[in-house]
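Let's take a friendly walk through a protein model. Have the viewer open as you read.

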Amino acid sequence: SNDVVLFNANKLGSGCAFKVNGKCFGAPFTPKPLTKTECEAEKGNLGIKKCEYDTDYWAGAVKQCGGGSKMPTMDDLAKLASQLYKGNPTIVAYQDAEHLQWDQDAATALGFTSPNFSLWSGEEGNGLRAYYRSFGSTGSGWHGLNLSNGQAVCLGE
């Protein structure tokens with residue numbers, strides 16, 4: 001489906017599928033959600049403050065990455081967004097960016113085949129669940145919801 005980030009298969013095996021903000025990240029994946037009970041049982045180890053959903057995709061991403069600190073920050077995701085749009089616009093962590101034009105060549109070079117996907121950050125909000133950034137063909141926004149079709153990336157080697 002359109003929501004899925006299709007990945008450049010020849011880079012999948014490496015610990016550094018793409019670099020942003022001087023950090024390596026692995027290939028995007030769809031996290032397997034944790035139940036609220038599983039989240040409560042593991043939140044101490046994973047550094048999760050609150051378990052709010054019975055099907056918690058962000059908590060699943062945190063578990064698969066080995067903790068929120070092993071996921072991108074909102075600043076990392078903003079820097080990634082600026083690389084994926086023509087003219088490398090300045091995009092700030094907690095701001096929406098509109099009237100942009102997707103740069104397919106730049107996206108392909110980083111391993112993203114098309115727009116219309118979202119990536120979780122490792123950052124947990126106050127009141128909002130956890131933050132993620134959406135990447136569309138004409139803009140990129142930040143959100144704080146429990147998103148079932150979100151993708152995640154973990155810090156690589």
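The report below moves from the overall layout to the sheet, the cores, the salt bridges and a few loop residues.

## Overall layout

Please keep in mind that this is a predicted model. The protein has four helices and five strands. Followed along the sequence, these elements come in the pattern β-β-α-α-α-α-β-β-β.

Of the 157 residues in the protein, 48% are buried. The exposed surface comes to about 7400 Å², and carbon and sulfur atoms supply 50% of that area. For a view of how the chain folds back on itself, take the contacts with a separation of 6 or more: residues 24 or more positions apart account for 61% of them.

## The sheet and the helices across it

Three strands form an open sheet in the order β3-β4-β5, with antiparallel pairing. The edges belong to β3 and β5 (140-143), each of which pairs on one side only. On average, neighbouring strands of this sheet are turned by 20° against each other, direction ignored. Strands of a sheet pair through backbone hydrogen bonds, in either a parallel or an antiparallel sense. Here, β4 (residues 130-135) and β5 are joined in the antiparallel sense over four bridges.

Helix α2 (residues 57-65) lies across β3 and β4, and runs at about 75° to β3. Helix α3 (residues 74-84) lies across β3, β4 and β5, and runs at about 0° to β4.

Which residues touch the most other members of the largest nonpolar core? In this core of 25 residues, they are F18, L80, L84, Y85, F112, L119 and F135. At least two residues of the core come from each of β1, α3, α4, β3 and β4. Helix α3 supplies the largest share, with six residues.

Leaving out residues up to four places away in sequence, L80 touches F18, V20, L110, F112, L119 and F135. A second, separate core has 18 residues, among them C39, I48, M71 and Y132.

## Salt bridges

How many salt bridges does the structure hold? There are five salt bridges in the structure. One of them joins the side chains of E42 and K63, at 3.0 Å from N to O. E42 lies in helix α1 (residues 36-46) and K63 in helix α2, so this pair ties together parts that are 21 residues apart in sequence. K63 is partly exposed, its relative accessible area being 39%.

Within helix α3, D75 and K79 sit four residues apart, about one turn of the helix. Their salt bridge brings the closest N and O atoms to 2.9 Å. D75 counts as partly exposed because its relative accessibility is 33%, and K79 is partly exposed too, with a relative accessible area of 34%. E52 and K50 form another salt bridge, in which the closest N and O atoms are 3.8 Å apart. Here E52 has a relative accessible area of 31% and is partly exposed, while K50 counts as partly exposed at 38% relative accessibility.

## Loop residues to look at

Most residues other than glycine have a negative phi. N21, in the loop between β1 (18-20) and β2 (23-25), has a positive phi near 60°. Its relative accessibility is 35%, so N21 counts as partly exposed. N116 also has a positive phi, near 75°, and is placed in the loop between α4 (104-110) and β3 (117-124). At 38% relative accessibility, N116 is partly exposed.

Setting aside neighbours within four places in sequence, G67 is in contact with L46 and V62. The C-alpha atoms of G67 and N45 are separated by 7.9 Å, although these residues are 22 residues apart along the chain.

Definitions and conventions:
Residues are numbered from 1 along each chain as its sequence is written. This is a predicted model: local features need pLDDT of at least 70, side-chain atom pairs count only at pLDDT 80 or more; totals for chains, interfaces and linings use all residues. Side-chain values use heavy atoms; hydrogens and water are left out. Buried means under 20% relative accessible area, exposed over 50%, partly exposed in between (1.4 Å probe, protein chains only). Contact means heavy atoms within 4.5 Å. Accessible areas come from the Shrake-Rupley method with a 1.4 Å probe; for residues, only the protein chains shown count as cover. Two strands pair if DSSP finds at least two bridges between them. Axes are lines fitted to C-alpha atoms, for helices over the stretch in contact, and angles run from 0 to 180 degrees between N-to-C directions. A nonpolar core is a set of buried Ala, Val, Leu, Ile, Met, Phe, Trp, Tyr and Cys residues joined through side-chain atoms within 4.5 Å. A salt bridge is a side-chain nitrogen of Lys or Arg within 4 Å of a carboxyl oxygen of Asp or Glu.
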